[in-house]
Amino acid sequence: MVKIARWNHDGGTQSGFVDNGNCYGLPVGQTVQTLLDAGLEATLNLARETVGSGPAVPLADVQLLAPLVPATIRDFVAFEEHVEGVRKSIDGVAGVVPEWYEAPTFYFTNPHTVTGTGEVIGIPAGCADLDFETEVAAVVGRVPGSEGRNLTAAAAHRHIFGYTVLNDWSARDLQRREMKVSLGPCKGKDFANTLGPWIVTADEFEDLHDAEGFLPISMAVEVNGEAIGQDLLSNMGWPFAELVAYASQDSVVRPGDVLGSGTCGSGCLAELWGRNGSQTPPPLKTGDVVRMTVEGIGTIENTVGKRREAVTRVAARVRPRNRVRVPSAAVPGL
């Protein structure tokens with residue numbers, strides 16, 4: 001199994017491979033992005049040359065970081081069960097809109113607030129309903145001869161370099177207000193995403209795909225040691241290859257792009273709130289520990305930090321809707 005990671009050790013950031021409890025660094029100047037730009041086959045060859053042959057640092061002695069610095073993050077909503085529950089919680093309406101079945105839907109989230117396992121995630125200002133989202137993310141790598149545009153599902157499958165665990169942290173009360181404007185989410189989501197603990201290369205899962213391309217691997221989440229939800233990745237409405245292909249239509253996917261599966265069934269609190277008709281289990285609070293595990297990939301764990309106390313909303317001004325500019329002489333001070 002090839003695991004690709006980034007870590008801090010002795011005050012420096014290093015990228016490389018994790019194997020059998022040890023970290024093997026890449027040559028100076030090379031990063032995870034170097035591997036993504038080289039492609040999967042070249043990376044596997046380098047891993048064979050590097051692991052076990054160079055200096056190693058015990059995994060226990062490093063602080064793992066997010067395994068890459070994403071170029072973009074597209075987050076899909078690919079689990080029907082999640083849509084059923086969370087729509088009831090966020091919109092107050094039961095069922096799944098017909099449009100969900102017609103094509104995959106995603107939003108772009110913030111690549112600049114990505115965190116790694118072990119980091120403390122602060123509660124954003126104005127949030128009382130902090131939540132998590134249990135996801136798997138595909139990481140795009142280079143395929144020689146491909147520009148990453150208008151891909152078929154078969155071609156898109158080759159662009160999947162590997163997989164990592166994704167926690168799409170969510171401020172549900174902020175999100176609830178934003179979604180009523182039929183745009184977003186924005187501040188309900190962009191404060192944090194956790195990726196990790198590493199990228200497991202796609203070749204490790206090749207024999208697990210079923211005939212339609214789905215991966216039947218287990219996903220689970222717990223809070224403070226108590227199990228909250230569990231699902232199979234194969235319960236997605238579309239396999240990852242189709243999500244990557246859809247993202248590339250009249251657009252482009254590039255090495256370093258991250259595409260999230262969306263939350264698995266029972267993989268967040270809001271879905272359970274919708275089903276239970278109350279905030280049971282309760283929203284996350286300072287000190288809570290969220291732990292996510294995906295079969296064949298690994299575990300990420302984060303502690304919830306303090307809430308930032310600030311007022312961030314800025315109300316709109318009521319404007320007169322003039323269609324002609326007011327002469328400057330009529331404007332005091334001009």
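**Residues, cores and helices**

Mentor: Proline 124 sits in the loop between strand S9 (120–123) and strand S10 (130–131). Helices (H or I, at least four residues) and strands (E, at least two) are DSSP runs, numbered from the N terminus. This is a predicted model: local features need pLDDT of at least 70, side-chain atom pairs count only at pLDDT 80 or more, and totals for chains, interfaces and linings use all residues. Residues are numbered from 1 along each chain as its sequence is written, and side-chain values use heavy atoms, with hydrogens and water left out.

Trainee: Is proline 124 buried or exposed?

Mentor: Proline 124 is buried, because its relative accessible area is 13%. Buried means under 20% relative accessible area, exposed over 50%, partly exposed in between (1.4 Å probe, protein chains only).

Trainee: What does proline 124 touch?

Mentor: Not counting residues up to four places away in sequence, proline 124 touches Leu130, Ala171, Phe191, Arg307 and Arg308. Contact here means heavy atoms within 4.5 Å.

Trainee: Next one. Where is phenylalanine 132?

Mentor: In the loop between S10 and strand S11 (134–140). Phenylalanine 132 counts as buried because its relative accessibility is 0%. Beyond four places in sequence, its contacts include Asn167, Asp168, Arg172, Leu284 and Met292.

Trainee: And threonine 134?

Mentor: Threonine 134 is in strand S11. Its relative accessibility is 0%, so threonine 134 counts as buried. Its side chain reaches the backbone oxygen of glycine 267 at 2.8 Å. A polar contact is a pair of N or O atoms within 3.5 Å; within protein, one must be able to donate a hydrogen and the other to accept it, and residues adjacent in sequence count only if both atoms are side-chain atoms.

Trainee: Which residues does threonine 134 contact, leaving aside its neighbours within four places in sequence?

Mentor: Among them are Leu166, Val221, Cys264, Gly267 and Met292.

Trainee: Now the core. How many residues has the largest nonpolar core?

Mentor: The largest nonpolar core has 67 residues. Phe132, Tyr163, Leu233, Phe240 and Leu284 have the most contacts inside it. Helix H7 (residues 240–248) gives the most to this core, with 5 residues. A second, separate core of 21 residues includes Leu26, Leu44, Leu68 and Phe161. A nonpolar core is a set of buried Ala, Val, Leu, Ile, Met, Phe, Trp, Tyr and Cys residues joined through side-chain atoms within 4.5 Å.

Trainee: On to helices. At what angle do the axes of H3 and H6 cross?

Mentor: The axes of helix H3 (residues 80–91) and helix H6 (residues 172–179) cross at roughly 80 degrees and come within 9 Å. That makes H3 roughly perpendicular to H6. Val86, Ser89 and Ile90 of H3 make the contact with Arg172, Gln175, Arg176 and Met179 of H6. Axes are lines fitted to C-alpha atoms, for helices over the stretch in contact, and angles run from 0 to 180 degrees between N-to-C directions. Angles under 35 degrees count as roughly parallel, over 145 as roughly antiparallel, 65 to 115 as roughly perpendicular and the rest as oblique.

Trainee: Which residues of H6 are buried?

Mentor: Arg172, Asp173, Leu174, Gln175 and Glu178. The buried residues of H6 pack against H3, S10, strand S13 (170–171) and H8.

Trainee: How do H3 and H8 cross?

Mentor: The axes of H3 and helix H8 (residues 269–276) come within 7 Å and cross at roughly 70 degrees. H3 is therefore roughly perpendicular to H8.
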